[in-house]
Amino acid sequence: MNAILEEIEHAQTILICGHVRPDGDCLGSAFALREYCLGLGKSADVCSPSPIPESYKFMRQSEKFNVLSRKTYDLFIAVDCATQDRIGKMEGFFRSAPRTVCIDHHEGHEGFADVNLVKNYASSTCEIVFDLLEPTGKITREIANYLYIGLSTDTGHFMHSNTDSKVMYTAYRLSCLGAECHNIATELYRSRSRNKTMLIAKSIEAMRFFMNDTVCIIPMTQELLDECNISSNDTEGIIDYAISINGVEIGISMCAEKENEYKVSFRSRTRHVNEIAAVFGGGGHIYAAGCRICGKTEDVIDKLLKAIRDTE
Ligand SMILES: [Mn+2]
């Protein structure tokens, strides 16, 4: 039996934890694993150091997110976390759990748990969880829906460079297992709030271009977020407007998190942006990466441009 399935088998209480500012992939893989554990009669909770974003509240059982039924668990499973610090304030649960598992697809690590399943060539953690659960024959329609959400979001709805035949095969299999592809696509990509629509408009207006228009930066300052009445937790997807522009090689979004601190995301067509993110202690994938940078808006932009030049 697979080592991770064995860990689940031996545990009675399980906590599945995604990363800070959870995205569709970590939510999908966490809820899918929870559903699988519940199916085996286990007690299982899902959490992350941040609340579930508004845009993912359509997910079944989303109200169970971050509802912790106990103080310690037999097994801690980290999903979609490249480093241990991505579990943030859930650290205590990780340390107190007798056994730990890490399932992830980010570059450059071997995992930080007792049992690690890290495949950096996989499109998403959901794809890895699909491969893990498929042989059990226990992928229900609910599990298929959860996994499809992560597969879809981590591939930019099957548009990013990581969309390979394995991704399409997995989507096909999930569809066969009952995933409601049309409904999920509608929830994910065709149902945004008026506030988010306002954020898109203001972000496009705020775009700045550098280096012969090959670099596009979207600075989402605290004022801009406040004007749209939107939290820094709900800015997923804004960066796509930068990298979708003809001629732009590097798209960057900066989102104000605290006073003088920005969460920065990178997308690229050709440049290895994980190397740029690494300059600031961040990381990610070759064409999609992120980091945190301290400073005032203009200083952060200067630091970014310098790092882009230095890593060329
Ligand atoms: Mn992921």
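I began with Glu-35, which I found to be buried, with a relative accessible area of 15%; I note at the outset that I am working from a predicted model.

I then looked up the partner of this side chain, and found that Glu-35 meets Arg-60 in a salt bridge, at 3.5 Å from N to O. The pair links distant parts of the chain, since Glu-35 sits in helix H2 and Arg-60, 25 residues apart from it, in the loop between strand E2 (43-47) and strand E3 (75-79).

Glu-91 and Arg-95 form one of them, at 3.4 Å from N to O, and because they are 4 residues apart in helix H3 (residues 91-96), about one helical turn separates them. I recorded Glu-91 as partly exposed at 21% and Arg-95 as exposed at 62%.

For Arg-141 and Glu-180 I noted a salt bridge whose closest N and O atoms are 3.9 Å apart; Arg-141 lies in helix H5 and Glu-180 in the loop between helix H6 (165-176) and helix H7 (181-189), so the pair ties together parts 39 residues apart in sequence. I also listed a network of salt bridges that links Arg-21, Glu-257, Lys-258, Glu-261 and Arg-292.

Last, I turned to the manganese ion, whose protein donors are Asp-25 (OD), Asp-80 (OD), His-105 (NE2) and Asp-154 (OD), lying 2.2 to 2.3 Å from it. Asp-25 is in helix H2 (residues 24-39) and Asp-154 in helix H5 (residues 141-154), so this pair ties together parts 129 residues apart in sequence. I found Asp-25 buried at 0% relative accessible area, and Asp-154 also counts as buried, at 15%.

Notes. Residues are numbered from 1 along each chain as its sequence is written. This is a predicted model: local features need pLDDT of at least 70, side-chain atom pairs count only at pLDDT 80 or more; totals for chains, interfaces and linings use all residues. Side-chain values use heavy atoms; hydrogens and water are left out. Donors are N, O and S atoms within 2.8 Å of the metal (3.2 Å for Na, K and Ca); water is not among the atoms, so sites may look incomplete. Helices (H or I, at least four residues) and strands (E, at least two) are DSSP runs, numbered from the N terminus. Buried means under 20% relative accessible area, exposed over 50%, partly exposed in between (1.4 Å probe, protein chains only). A salt bridge is a side-chain nitrogen of Lys or Arg within 4 Å of a carboxyl oxygen of Asp or Glu.
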